[in-house]
Amino acid sequence: MELSGAEIVIQCLKEEGVEFIFGYPGGAVLHIYDALFSQQDVQHILVRHEQGATHAADGYARSTGKPGVALVTSGPGATNAVTGIATAYMDSIPMVVLTGQVPSPFIGSDAFQEVDTVGITRPCVKHNFLIKNVHDIAATFRKAFYLATSGRPGPVVIDIPKDVTDPNVKIPFSYPKKIKMRSYNPVAKGHLGQIRRAIELMLNAERPVFYTGGGVVLDDASKQLVDLVRKLGYPITSTLMGLGAYPGSDKQFLGMLGMHGTYEANMAMHETDVLIAIGARFDDRVTGQVASFCPNATIIHVDIDPSSISKNVRVDVPIVGPVKKVLSDMLGVLDESGGEPKSAALKRWWKQIDEWRGADCLKYDRNSKIIKPQFAVETLHRVTKGDAFVASDVGQHQMFAAQFYQFDKPRRWINSGGLGTMGFGLPAGMGIQMAHPQAEVAVVTGEASIQMCIQELATCKQYNLPLKIMLLNNGYMGMVRQWQEFFYDGRYSHSYVDSLPDFVKLAESYGHVGMKIEKPEDLEGAMKEAFGMKDRLVFMDVVIDPAENVYPMIEAGKGHHEMYLSPGSELV
Amino acid sequence: MRHIISILLENESGALSRVAGLFSARGYNIESLTVAPTEDATLSRMTLVTRGDEAIIEQITKQLNKLVEVVKLLDLSDGPHIEREMMMIKLKAENGQRDEVLRLVEIFRGKVVDVTDTTFVVELTGKSAKLDAFIKAAQEESVVEVVRSGPLGIARGSKGLKL
């Protein structure tokens, strides 16, 4: 079979089983677009901005576990994609981004729409390639997909000069079956001796706690995690990225930890004697002040990436390996050992945790005459029976969604945790809906975030993506406003979002259904109506209390035991 | 503490900038860096000198290992090793000073590799500290130009950093 470079690009995508490619055409990728035109296997989704393409590919990847693919042109196409690439990088999301490049002879000449894409993206990709020869396309794609999806996943950029895809140069095509890279060998399993040591420590613990993160979701290790945690009967808390890996409604689950984590989760972290960290990376929003992080704990850390271990917090028992394999090995060792947890100590520990739970740290005013954002998220949970995919933007609404939508399944909570990218939610929702056409997909957003990628409403119309957008509209960049209230004496410098559009009309002008909801008593009915419209995108502009803050809160740089629980409260 | 790290990496364009970029992005310092192809044309060998406490050096080696193009890596400071740097130094040597300069070169076991009426170019290899000492011994006003390779390192013993 003789194919041109452009045809080889498409053929490689087919070989990798790519269903969708999110993209935007331009000069440098026109040969590839021409090859896309004459085939049916890979469906191209035309976004309205390249940032949307990368976030949509990302949402697809997060909700399926399969690599998301985006295609953009050179220059501004590539730079617009960078935010989405960096977002995926920070959260270790498998993604392959194809960027057009000016023809090879022009590289370095400041040609029209030329940027050094490989240079610009280098710090925010797992790896990147510049293809210099049509003969290298197939092998490069094979490597790119392998790198993106294996080990600690991440985005890979393939930069393709236009002449490499020349339709007039045809070469024989075959796709490499096997791949071996001498410089890249992700670990296949954890060290058994270390796993035994960890189990021994875990069984001798008096105040143990599991602290799990996005790695559990990424490795599809939910089942193994649930088995281990239930078997031991220990409490478990999760990072923002790990929500859903362990059922949020389970009694052993303490809720999210960290800056806006629950009182019981953070106090358990502070008091624990054995911390079992699994697929989590001790991010600063989780640890707070490192010096007072888990002061009494022996720390076990399971992670696929050796560089995550002892990066921010010194670890006592490191286990490098894929989470799923390590967890199942832990279960095996536990069974073999016949050991039991210390039941009396564990009973005392749960009693202590229940006392902390008594603080009811997520309480809010349920009788409010203005809609509280917490109430809106709880209503969303009720109406969707807790089974929706929830894509979120970044800010207060993100924290409320994380706190109040009890995620019982992995890959349902889709948000930009590491980079904190406003504008992520809507395009990510598109990727999720493409992958799960029958599922209910909610986008929880704010009036500031949504405007960062609002143009994607047109994409949703073109491809009939019936997202349900719940805009928690408080007129402010809520999280910025909250910090200004707390730390800048209420000087709300440029956090008020003036001149908002009429979101109902805006949604309608894109061909969607718009709703404005202003009273708590109207919320559930309206939401049911919205979710009842199975084939329409419904944009719910929910007017919420502008003064509501996210609690509990640990100030940046403070310890887990220093939390504000409610407005005006002292540190506890 | 000062560490000297040897790295085998794929001899591909961009590999060097990945290493350099890693150091600047994560705020590690590079004291020196040398790189050249090896007997295997697909591999380059890099010798990198950096400074940091134990935790930082641990992160540096882990982050370097994470780069897809890094094939193998060894912190030479973990064991006995030999370290050599080469320097070429152009010294003013006019009438009356020439013998003194030559004596200095001899003491340091250097070689004069270029001569003019007024200057010598001296080639010198050794540990970085020895090169420092030579510069100090040559009078400051006589130094016209200095070029140094940065240290190269190899571990002592029979084992080699190979594929």
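A:Gln396 sits in helix H15 of chain A, which covers residues 396-404; helices (H or I, at least four residues) and strands (E, at least two) are DSSP runs numbered from the N terminus. With a relative accessible area of 4%, A:Gln396 is buried, where buried means under 20% relative accessible area, exposed over 50%, and partly exposed in between (1.4 Å probe, protein chains only). Not counting residues up to four places away in sequence, A:Gln396 touches residues that include A:Asn474, A:Arg481, A:Glu548 and A:Val550; contact means heavy atoms within 4.5 Å. A:Pro373 is 23 residues from A:Gln396 in sequence, and their C-alpha atoms are 8.9 Å apart.

## Basis of the model

This is a predicted model, in which local features need pLDDT of at least 70, side-chain atom pairs count only at pLDDT 80 or more, and totals for chains, interfaces and linings use all residues. Residues are numbered from 1 along each chain as its sequence is written, chains are lettered from A and ligands numbered from 1 in the order in which they are written, and side-chain values use heavy atoms, with hydrogens and water left out.

## Two further sites in chain A

A:His55 belongs to helix H3 (residues 50-64) of chain A and is buried at 0% relative accessibility. Leaving aside neighbours within four places in sequence, the contacts of A:His55 include A:Thr83, A:Gly84, A:Phe424 and A:Pro427.

A:Pro167 is in the loop between strand E7 (155-161) and strand E8 (170-172) of chain A, and is partly exposed at 35% relative accessibility. Beyond four places in sequence, A:Pro167 touches A:Ser4 and A:His31. A:Pro167 and A:Ser4 are 163 residues apart along the chain, with 5.1 Å between their C-alpha atoms.

## Salt bridges in chain A

Over all chains the count is 39 salt bridges, a salt bridge being a side-chain nitrogen of Lys or Arg within 4 Å of a carboxyl oxygen of Asp or Glu. In helix H3 of chain A, A:Arg62 and A:Asp58 are four residues apart, so about one helical turn separates them. Their closest N and O atoms are 2.3 Å apart in a salt bridge. A:Arg62 is buried at 6% relative accessibility, as is A:Asp58 at 0%.

A:Asp387 pairs with A:Lys409 in a salt bridge (2.8 Å, N to O). A:Asp387 lies in the loop between helix H14 (373-383) and strand E15 (389-392), and A:Lys409 in the loop between H15 and strand E16 (413-414), so the pair ties together parts 22 residues apart in sequence. A:Asp387 also forms a salt bridge with A:Arg412, at 3.1 Å between the closest N and O atoms. A:Arg412 is likewise in the loop between H15 and E16, 25 residues from A:Asp387. A:Asp387 is partly exposed at 37% and A:Lys409 at 38%, whereas A:Arg412 is buried at 17%.

## Chain B and its interface

Chain B contains four helices and nine strands, in the order β-α-β-β-α-β-β-α-β-β-α-β-β along the sequence. The C-alpha trace of chain B spans about 55 × 35 × 30 Å along its principal axes, and 40% of the 163 residues count as buried. A network of salt bridges links B:Arg2, B:Glu31, B:Arg51 and B:Glu83.

In chain B, 19 residues are in contact with 19 residues of chain A. The rule finds three salt bridges across this interface. A:Arg182 and B:Glu10 meet through their side chains in a salt bridge (2.8 Å, N to O).
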